[in-house]
Amino acid sequence: MTPAPAEETGAPRSSESANTGSAPTQVAGLSRPSSAPESAHAIAEAAARRSYGKLVAFLAARTRDVAGAEDALSEAFAAALEDWPAHGAPHTPEAWLLTAARRKLIDAARLRHTHERSAEHLLLLAELAEDEDDTSAIPDHRLELMFACAHPALDAGVRAPLILQTILGFDAATIASAFLVAPATMGQRLVRAKSKIRQAGIPLRVPDSDELQPRLAAVLDAIYAAFAEGWSDPAGTEARRRNLSEEAIWLGGLVVSLLPKEPEALGLLSLMLHAQARRAARRDARGDYVPLADQDPALWDAQLIDQAEALLTRAGAMQVVGRFQLEAAVQSAHVVRRRTGRSDWHAIESLYDALLALTDSPVVAVNRAVALAETRGATAALAALDSIAADTRLLQYQPYWAARAQLLARAGDRERADGAYQRAIGLEIDPAVRRFLQQRRQQLHEG
C-alpha cells in the first residue's frame, strides 16, 4: 500500500496506503560526526539529495552489484566528511564522490580476485578505471537501474521498495513503514534482491518492447511512492524529503519521454502534477493544514494544472484505462472548482466506482464514501463505510476514521463521531493535521 496525495477526508493521504509514520530517509555514511563543520555536512547532504541514485546507477551499471555500489558510495560519503572539513569541499562534489566510490569498488574487486575468475575481474577493473579523471558529465543510468529493479526474476513485492532504496536512498525502515512491513523483514528482502541482481547477472538496461509492460507497473508504483513520501512533508522542513516530490515528477517525466504512448505513464505524471499544483494551498500563513474542500483555488498553480490536464487528455485519447489515469481524472474533477466553485462530485463518484472495480482497494472505497456524501448524503456514505468496516487493513488507516468522524457529525451522531475523531487524532503523525482534527472535534463538542 502506497501513500497518495489527496485531501478529501481531512487528511493528506487517500489512495493505496495507511498512515505510514515513516522517518526521514537516511543515506548510509551521512550520520553527522561531531567534528564535521555544518557546511561540509550540508554540502554532502545536498549532493546525496541531488545525485545519490544517479551515482549508484552509474556504478552499478558497470558491476551489476547494486549493494557493492551502495557500500562504495557510503564509504565515499564517509571519506568526504573526513576530508572536506580539513581541505575544503570540492567544486564538483558529485565528481569527487564518484571517484572515491569507484576506487572503493576497485579495491573490493581486487580483494575478491581468484584464479578462476581472473579475466572477469580484469575486465571489471578496466571498466571502473576508464575515464576516471573525466567525471565532468556523469551519465544518467537511473531509468536502466529502475527497470533492473523491476526485473521478473525478482519477487514482485520487493521491486518497488528496491527502486526507492537504490534510486532515492530511502533506508529500510522508511520503506518498511510505507509498505506496512517490519523493518528487519524489509531489510532482508532488499539484501536478497540485490544479491539476486548480481548473481543472476540482471542487466541494467531499458527492456525491449515485448518485456516492457510487465515491469512498467512496478516502476510507476515506485515513482508514485517516492512522490507521496515527499508529499507527506508539505512544508519542506525535512531536508531529506524536501525534493522528493520534484524528483519523482522528474522520474515520471523521464518515463513519459521514453514511453510517450504509454497511457499509465502519462496518467501518473498528470496525477503528480495535479497534486503538486495544490502544494502552496495545503497550509495557511500560520502553517495550519487546509483540506482540499477549504483550499483557495487561486493558490493552485495554474501552469502545473494545465500541464496535468494536457497529459490526461493525451492518455485518454489512447482509450486504455488504468489506475493512474482514473486517479488523475478524480483530481481533474476537483479542478473544475476553479471555474464553477464546486467539484464535480457526480463525476468523482463514477470515477471511484471504476477505480474500485479495478483495484478492489478499501482505501478507494473510503474515498468513494466521501464522494457519496456529496451526491447522496451522509447516510448513504456511512452505509458504504459500514460495508468495509470489517477490513482489518482499515483499523490503523487514519483517513478512514477521519472520514467516519466527519460523516457521523454530519448525520448528527455526536457520540460516535467523537470516538472516531479520537481514533483519527491518535493515528495522525502530522502536527498540522492533528491540530485540524482536534479543532473539528472541539467544534463537535461546541455544537
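Reply: Let's start at V255: once its neighbours within four places in sequence are set aside, V255 is in contact (heavy atoms within 4.5 Å) with L143, L216, V219, L220, I223 and A265. Bear in mind that this is a predicted model, where local features need pLDDT of at least 70 and side-chain atom pairs count only at pLDDT 80 or more, while totals for chains, interfaces and linings use all residues. Residues are numbered from 1 along each chain as its sequence is written, and side-chain values use heavy atoms, with hydrogens and water left out.

Buried is under 20% relative accessible area, exposed is over 50% and partly exposed is in between, with a 1.4 Å probe and protein chains only. This core has 102 residues, and L97, I223, V255 and M272 touch the most other members. Helix α9 (residues 209-231) gives the largest share, twelve residues. A second, separate core has 33 residues, including Y289, A432, L437 and L444.

On to a helix pair. Helices here are DSSP runs of H or I with at least four residues, strands are E runs of at least two, and both are numbered from the N terminus. The axes of α11 (residues 263-277) and α12 come within 8 Å and cross at roughly 160°; axes are lines fitted to C-alpha atoms over the stretch in contact, with angles running from 0 to 180 degrees between N-to-C directions. α11 and α12 are therefore roughly antiparallel, a label for angles over 145 degrees. Among the residues that meet there are L266, L269 and L273 in α11 and L304, L311 and L312 in α12.

Follow α12 (302-316) to the loop between it and α13 (323-335) and you reach Q319. Phi of Q319 is near 55°, a positive value in a residue other than glycine, and Q319 is exposed at 71% relative accessible area. D360, in the loop between α15 (345-359) and α16 (362-375), has a phi near 50°, also positive in a residue other than glycine. At 62% relative accessibility, D360 counts as exposed too.

Of the contacts between residues at least 6 apart in sequence, 68% join residues at least 24 apart.

How values were computed. Core = buried A, V, L, I, M, F, W, Y, C linked by side-chain atoms within 4.5 Å. Parallel < 35°, antiparallel > 145°, perpendicular 65-115°, else oblique.
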